[in-house]
Amino acid sequence: MRALVAVKRVIDYAVKVRVKPDKSGVELNNIKMSMNPFCEIAVEEGVRLKEAGTLSELVAVSCGPDKSQESLRQALAMGADRAILLKTDYRTDMELQPLAVAKLLKKMVEKEDPMVVLLGKQAIDDDSNQTGQLLAGMLGWPQATFASKLAFNSGLTGVDVTREVDAGLQTISLKLPCVVTCDLRLNQPRYATLPNLMKAKKKPLEVVDAASLGVDMSPRLEYLSVEEPPKREGGRKVDSVDELLDKLRNEAKVLA
Amino acid sequence: FSTLVVAEHTQKGLHPATLSAINAAKKLQDDICVLVAGSGATEAAQEAAKLQGVSKVLHVDAPAYQYPVADQMANLLVAMQQKSSFASIMGPVSSLLKDVFPRLAGALDVQPLTDVMDIKSSDTFVRPTYAGNAIATVRSKDPVKVFTVRPTSFPTDGLEGGSAPVEPVTPPEGQPMVEFVKEEHAHDDKPQLATAKTVVSGGRGLRSKEGFDTVLDPLCQKLNAAMGASRAAVDAGFVPNDMQVGQTGKVVAPDLYLAVGISGAIQHLAGMKDSKTIVAINKDGEAPIFQVADYGLVADLFEAVPEMTDKVAQ
């Protein structure tokens with residue numbers, strides 16, 4: 001059984017993002033970029049399913065600039081078998097929007113014929129939390145978002161997914177093929193070790209011009225401005241627990 | 001033109017977030033229809049009908065809507081859209097609508113919007129990106145706007161005195177593709193991290209799992225607070241992943257947020273900086289957490305937190 005896993009390259013989670021003075025977006029030049037943390041969880045899950053014998057092949061797909069190959073190499077180093085980059089020069093945090101990404105991924109699903117598509121629940125740049133659901137809707141496949149546990153049945157015809165929902169944990173049962181988006185609790189991704197990164201250089205990575213797939217990628221949302229949030233006035237210190245409790249009771253009025 | 005607001009409810013009543021969504025919908029200046037889809041949910045539909053500004057309540061009452069799943073809700077909304085051609089379909093951010101709306105948008109070939117915090121006009125919206133570190137104003141070119149709104153950005157009051165008709169809606173035929181199995185309310189007795197009024201989070205300064213259990217937990221119990229953690233504490237194995245507050249964990253905005261032994265990494269700040277009042281307790285007076293804290297206490301947490309627990313009223 002084959003699975004596709006989608007991977008996005010974003011500004012590293014530990015970097016402080018800077019909004020450009022002209023309000024045209026966030027500064028991307030000379031900024032450390034990494035695989036989106038939720039995509040790492042999706043890759044890890046795919047690799048574990050391969051190790052367990054549930055999957056026979058794991059194919060990583062990314063949409064973005066040439067440099068997205070770095071994230072695909074990381075996926076390969078973690079254990080994916082091969083990778084495909086759908087190359088575009090659209091800015092992936094603003095211009096290449098989830099609707100277009102889902103359309104591109106749909107093309108890959110049609111080509112690769114996977115039984116499962118794994119994605120992170122959201123990318124930490126545009127925070128849309130949409131691509132997996134859009135893709136499932138376009139494919140007419142069942143979807144399980146915010147997955148924290150997957151249990152495939154023995155015949156590999158279906159999967160029970162535990163999901164993180166507002167009320168707690170929900171379990172749903174899906175038939176394959178399906179789309180799953182991964183939440184934080186699903187697993188702890190492994191590190192891509194240097195030897196594995198070296199080995200990953202030998203794994204196949206195909207680069208396809210995204211425009212050649214005949215998909216409408218034009219942005220539906222026009223960014224009028226990107227601004228910094230209002231600054232928080234912090235920095236006051238108190239000298240003791242008593243003073244802290246007094247302030248919380250009588251000034252902030254958040255304690256009885 | 002009209003707006004369809006998809007209500008979040010508990011069958012017996014509307015979730016307060018629905019009231020925020022209706023106040024947000026008013027900014028679009030179109031007729032407001034409210035969909036209450038549930039099993040029974042008559043009380044919730046009646047409550048929606050009494051909200052000022054609502055022109056019609058559309059009520060789906062079917063056993064299958066006790067625990068609606070994404071494809072079922074998306075199919076219902078597609079059918080309603082085909083019949084009524086709403087200019088906007090919106091609702092509060094919730095695990096259900098985050099699941100449903102993009103699927104609906106895919107069917108309508110529309111780019112949806114998540115987490116809208118302000119509505120400038122019928123096609124221009126403000127939403128946070130980069131965990132709230134960059135606020136984007138975007139114009140949608142799609143003929144139908146599909147979006148969720150952030151409940152904390154819109155008021156819940158000022159909606160008394162309406163009287164709208166309640167119209168039954170027959171949902172489309174067909175079985176959902178996904179079968180609901182069960183729902184577990186993990187810690188029903190404890191406040192949930194995402195919705196708690198008070199959150200107490202611990203960092204690597206707690207030193208161990210025992211630190212969380214013996215120092216932080218008693219304070220959480222006294223304050224009726226949800227317990228959170230920094231990514232550093234999670235990575236160190238002190239607490240499970242689902243307690244993580246931050247850009248890659250849960251984004252919270254309680255009335256009171258206490259950061260204990262947390263230095264204040266950027267990705268942690270992104271997950272809690274919208275809290276009303278922030279308190280930081282840390283040994284290191286130079287820790288970045290103090291820059292966003294309304295009240296900072298430079299102290300050994302192993303002394304300060306038990307003292308605080310003793311002195312806080314039950």
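**Pocket, interface and cavities**

Mentor: Helices (H or I, at least four residues) and strands (E, at least two) are DSSP runs numbered from the N terminus. This is a predicted model, in which local features need pLDDT of at least 70 and side-chain atom pairs count only at pLDDT 80 or more, while totals for chains, interfaces and linings use all residues. Residues are numbered from 1 along each chain as its sequence is written, chains are lettered from A and ligands numbered from 1 in the order in which they are written, and side-chain values use heavy atoms, with hydrogens and water left out.

Trainee: Which element supplies the largest share of the lining of the second largest pocket?

Mentor: A pocket is an open set of points on a 1 Å grid over the protein atoms alone, where a 1.4 Å probe fits, with protein on both sides within 12 Å along at least five of seven lines; lining residues have an atom within 4 Å of a point. This pocket is lined by 28 residues, with Tyr13(A) and Arg231(B) among those nearest its centre. The largest share, 4 residues, comes from H1(A).

Trainee: How much area is buried between chain A and chain B?

Mentor: Contact, meaning heavy atoms within 4.5 Å, takes 81 residues from chain A and 81 residues from chain B. Buried area is the accessible area (1.4 Å probe) that two parts lose on being put together, summed over both. Carbon and sulfur atoms give 54% of the total, which is about 7000 Å².

Trainee: How many salt bridges does the rule find across the interface of chain A and chain B?

Mentor: A salt bridge is a side-chain nitrogen of Lys or Arg within 4 Å of a carboxyl oxygen of Asp or Glu. Glu222(A) forms one with Arg139(B), the closest N and O atoms being 3.1 Å apart. Across the interface of chain A and chain B, the count is 8.

Trainee: What is the volume of the largest cavity?

Mentor: In a cavity, the 1.4 Å probe fits but cannot get out, and a volume is the space filled by probe spheres set on the grid points, which are joined across faces, edges and corners. The count comes to 8 cavities of 30 Å³ or more. The largest cavity holds about 330 Å³.
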